[in-house]
Amino acid sequence: MKRTLYILFALGWMLTGCRSAKLSTADEQFDRGEYYDASVTYKKVYNKLKAKEERDKRGMVAYKLGNCYRLLNMSSRASAAYANARRYGYPDSTATLYLAQALHRQGRYTAAISEYEAYLAKVPTDSLAIKGIAGCRDAVEWAKEPTRYEVKYAKLMNSRRSDFAPMLYGADFDQLYLASTTEKALGDKKSEITGMKNADIFVAKKNEQGQWERPEAVEGELNTEFDEGIVSFSPDGQTMYLTKARRDPNASTSVEIYTAQRSDAQWSAAQKFEVIPDTLSTFGHPAVSPDGEYLYFASNMPGGYGGNDIWRISLKEKTGSLLNLGPDINTAGNDDFPYIHSDGTLYFSSDGHPGMGGLDIFKAKPLADNHWQIENMRNPINSSGDDFGITFGRGDEGFFTSNRGDGRGYDHIYSFAYNPVKVTIEGSVCDVDEEPVPGAIIRIVGDDGTMQKEVARDDGTFRFALNQGVRYVMLAGAKGYLNQRQEFESDTTNEDANYWVDFVLPAINKPSLIENVYYDFDKADLRPETVTALDELVKVLNENPNVTIEMAAHTDRWGSDEYNVNLSNRRAESVIDYLVSKGISRDRLQPHGYGKTMPKTVTKRINRLYPQFPEGTVLDEAYIKGLSEEDQDAADQINRRTEFQVLSLTYQMN
């Protein structure tokens, strides 16, 4: 059915040439749109012609055979036939264009570009060839970076023949209408156009468990021995708009729009819907706007831009409302299968815009004055084959049609769902000794206006879902601890990302080690690499402006008590001088040099870094003397430390 409706739209020329009895039969079949039967007849004629004596005829018949295969979506056979036409000297340059398009549909992009360029050497301004080259180059890049859509073959919805043009129906989108040429379709006769049975309309329904069941022919008088398919519904679901291809043995097939009415679970016989009084043009692919105001459709009527164009007409007042959607949408090629999303976005298929091959699905955002912002939906929604007839359910998921990978050109139903980039941040909240802080409150604020709050789990961990390309500020706090703040910006790449951040909250009731604070031997001057650690302390003090602290310095066991107290006092003063230089009020800071009088007790964190020291061990001189020389050095290093202790939480700036 899709082939019938699409290829009849595409038929825009009459073929002439030397005709034997058999050739004239094939030409008559082609002129009536009976492409399958015509291909069989042309093939017989071609095989009877002698390669040397009848080269011109062979080239001409090969070209006509290629046209049949092209319209039947048999791209591999079409490219072979057009190549034969050129080999036998067929003079029409369109053979080169059609060869390029057939290669394009097979995904043979390099070869297609070469043929497009050969055609442009003869017809430099042809837009289809120019856009064809652009599409081939785009397709190569899109294959490297697919979008976040996940596409699956909808096995349950497909038969052994062509199944196409799905349309979700119902308030809960629990029914899926589609057209199918399955052997279950009415009638026994095979179509002269496609070689398959004429399409009927089928419907799949979800069961009580929410699972799809196999499609069955719709009930009522809707289906006939003719082709029916490509449906859309009025907002209330009571009127169906469909495409119907009526056959007359003595005339070309007529493609028209019909309507049917729903009564209970059945559909009435279809009645013709006349868009305008025009018996020569084709009308199909109806799509009703979500508000029921307009009917969008495809037609080759005069006033368009090429093959099929997408038009719109008011369903409330048809007179004077007919509108071509303009050159942003319509091209010199075929622009078909409109679908209007509930958000106002137009989806359609086109072989005239740059694409991956055949019909590609595009989405178009409406702008002012009948202008549109067009975007190719790219790989994996699109392929080198025909991709068309998209329908959406809830969110960004639904079904569409594609003949990708099918050498016979048969169409199949595919499902799709958008998997958005998942950006998360995880982390933990612990104290300076790496003990978790359960119940800590973590807040995160983004410059996109988002605000979230989490409570840390028993192990101190937390997790947030984020947006891409947003600058975030995070603040962690808990009772008995000072607050800590961190900032970062999420990435904008098209990949999932997971960030990790640790909050180390200084406890109010015990000293907090300032890591990486270094002095030269026997000196109190801060070494340059100490600056980073102290800058972190500056941040903590700025984020907790009501806090006063004691700055404590400790030494190892070497030297006299007096010497070490003096040295540690000077070192504590050096740290305070640095903090004051960074804007911290001196009256919030109290120095204290403890010398070697307070050896460190091994914490969980120290035990992790130095497993030779059991947790809870006091690193006093008596213990250290019993260690190896190497472990003595490590213990002395642990004792040489700078810490701060919270003194009060009530500081008020004068």
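Guide: Buried means under 20% relative accessible area, exposed over 50%, and partly exposed in between, with a 1.4 Å probe and protein chains only. This is a predicted model, where local features need pLDDT of at least 70, side-chain atom pairs count only at pLDDT 80 or more, and totals for chains, interfaces and linings use all residues. Residues are numbered from 1 along each chain as its sequence is written, and side-chain values use heavy atoms, leaving out hydrogens and water.

Visitor: How many salt bridges does the structure hold?

Guide: Side chains of opposite charge can pair when their charged atoms come close. A salt bridge needs a side-chain nitrogen of Lys or Arg within 4 Å of a carboxyl oxygen of Asp or Glu. The structure's total is 31.

Visitor: Is Asp431, the partner of Lys510 in a salt bridge, buried or exposed?

Guide: The closest N and O atoms of Lys510 and Asp431 are 3.1 Å apart. Lys510 is partly exposed, at 26% relative accessible area. Asp431 has a relative accessible area of 3%, so Asp431 is buried.

Visitor: Which residue forms a salt bridge with Asp172?

Guide: Both residues of this pair are exposed. Their closest N and O atoms are 3.3 Å apart. The partner of Asp172 is Arg394.

Visitor: What is the N to O distance between Glu643 and Lys600?

Guide: Glu643 is buried, with a relative accessible area of 4%. Lys600 has 15% relative accessibility, so Lys600 also counts as buried. Their side chains meet in a salt bridge, N to O, at 3.0 Å.
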